[in-house]
Amino acid sequence: MSAVSAPAKSKPSRCSVILSSVTAFCAGVVNGLLGTGGGIPLLFLLRRHSAAQDAFASALCCILPLSILSAALYYQTGSITVSELFSSDILPYLLGAIPGGILGAVLLDRLKLSLIQYVFAALLLFSGWRMAFS
Amino acid sequence: MVILQFLIGILIASLAGMGVGGGGLLVIWLVFIANMSAPTAQGINLVFFIVSALCALPLHIKKRRLPWSRILFYTATALPGAWIGCRLASVLPEMTARRCFGYFLLLSGTFQLYRQLKRNFSLDERFKS
């Protein structure tokens with residue numbers, strides 16, 4: 001299993017349940033509005049109860065149904081079309097997602113977690129700066 | 001160009017498959033390099049994430065102890081939020097959506113970096129004492 005031990009289980013208080021519900025709801029809004037990023041607030045919630053690697057995998061499970069719903073709504077509003085997804089401009093990215101997804105699941109146990117998190121933080125800051133100020 | 005796109009797909013999907021997310025990197029790439037509109041890039045990013053997550057998930061389910069009751073609870077709570085977010089995305093001006101996304105990433109990155117530095121610092125202190 002995971003290298004980092006999980007915190008001890010305790011019965012959640014009503015306040016904690018409400019806070020978790022609001023955070024999860026906001027994660028859904030972010031994911032729907034921006035097409036990404038909903039996993040970050042969920043990850044912080046899951047990290048309180050699970051080991052780091054288990055929390056990452058759990059966040060992935062939570063976000064998948066949200067992304068399916070969001071993608072369906074983006075399709076409905078015409079932001080994406082099936083022909084666009086299968087065009088030569090987009091298809092190579094989607095084909096790369098197949099080995100990439102498997103590779104990510106394998107690497108999660110093999111790479112040093114702090115390294116992954118530093119790289120991820122640097123990418124977030126760089127991407128955010130480009131998006132907000134360019 | 002096709003090979004480069006394929007390799008970028010592998011790189012970003014491996015981050016998504018790890019569960020650390022791609023941080024919207026594909027959105028950045030598609031908007032700044034491929035000159036796509038932000039809503040289209042966000043839609044493509046969603047489909048890209050679905051493909052990579054579906055490939056990674058069987059391995060995670062096989063290897064880990066996942067808290068299914070929590071996962072179901074958070075997902076059920078987040079689904080109405082996702083619906084509202086999508087509706088907002090179709091009415092917000094593109095520049096506003098892009099700026100919102102940028103600020104969100106900056107905030108997340110700062111928090112992530114702070115948390116990691118704090119964790120490393122407290123570990124160092126523990127080793128010293």
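In the predicted model, helix α6 of chain A meets helix α2 of chain B through Leu123(A), Ser127(A), Arg130(A) and Met131(A) on one side and Leu25(B), Ile28(B) and Phe32(B) on the other. By residue class, this contact of α6(A) with α2(B) holds 5 nonpolar residues, 1 polar residue and 1 charged residue. The two helices pack at an angle of about 35°, and their axes are 10 Å apart. The crossing of α6(A) and α2(B) is left-handed.

Chain A contributes 81 residues to the contact, and chain B contributes 82 residues. On the side of chain A that touches chain B, at least two residues come from each of α1 (14-34), α2 (39-47), α3 (52-76), α5 (91-110) and α6 (113-133). The most is given by α3(A), with 19 residues. Sorted by class, the residues on this side of chain A are 53 nonpolar, 25 polar and 3 charged.

Chain A itself has 6 helices and 0 strands. Taken along the principal axes, the box filled by the C-alpha atoms of chain A is roughly 50 × 35 × 30 Å. The chain is divided into two parts, domain 1 (14-80) and domain 2 (82-134). The C-alpha centres of these two domains of chain A lie 17 Å apart. The contact between them takes 4 residues from domain 1 of chain A and 5 residues from domain 2 of chain A. On the side of domain 1 of chain A that touches domain 2 of chain A, 3 residues are nonpolar, 1 is polar and none is charged.

Chain B is described next. Its secondary structure comes to 5 helices and 0 strands, and the elements run α-α-α-α-α from the N terminus on. The C-alpha atoms of chain B fill a box of roughly 55 × 35 × 30 Å, taken along the principal axes. The radius of gyration of chain B is 18 Å, whereas a compact globule of 129 residues would have a value near 14 Å.

Within chain B, helix α3 (residues 38-63) packs against helix α2 (residues 25-32), with axes that come within 9 Å and cross at roughly 140°. The helices α2(B) and α3(B) are therefore oblique to each other, because an angle counts as roughly antiparallel when it is over 145 degrees. The crossing in which α2(B) passes α3(B) is right-handed. On the α2(B) side, the contact is made by Leu26(B), Val27(B), Leu30(B) and Val31(B), and on the α3(B) side by Ala38(B), Ala41(B), Gln42(B), Ile44(B), Asn45(B) and Phe48(B). The residues of this contact of α2(B) with α3(B) are 8 nonpolar and 2 polar, with no charged residue.

Helix α3(B) also packs against helix α1 (residues 2-18) of chain B, at an angle of about 55° and with the axes 9 Å apart. The helices α1(B) and α3(B) are therefore oblique to each other as well, because the range for roughly perpendicular is 65 to 115 degrees and that for roughly parallel is under 35 degrees. The crossing of α1(B) and α3(B) is right-handed. Helix α1(B) takes part in the contact through Ala13(B), Ala16(B) and Gly17(B), and α3(B) through Phe49(B), Ser52(B), Ala53(B), Cys55(B) and Ala56(B). In the contact of α1(B) with α3(B), 6 residues are nonpolar, 2 are polar and none is charged.

How values were computed
Residues are numbered from 1 along each chain as its sequence is written. Chains are lettered from A and ligands numbered from 1 in the order in which they are written. This is a predicted model: local features need pLDDT of at least 70, side-chain atom pairs count only at pLDDT 80 or more; totals for chains, interfaces and linings use all residues. Two residues are in contact if their C-beta atoms, placed from the backbone, lie within 7 Å. Helices (H or I, at least four residues) and strands (E, at least two) are DSSP runs, numbered from the N terminus. Ala, Val, Leu, Ile, Met, Phe, Trp, Tyr, Cys and Pro count as nonpolar, Asp, Glu, Lys and Arg as charged, and the others, Gly among them, as polar. Axes are lines fitted to C-alpha atoms, for helices over the stretch in contact, and angles run from 0 to 180 degrees between N-to-C directions. A crossing is left-handed if the near helix is turned anticlockwise from the far one by less than a right angle, and right-handed if clockwise. Domain bounds come from an automatic or database domain assignment. The radius of gyration is taken over C-alpha atoms; the globule rule is 2.2 Å times the number of residues to the power 0.38.
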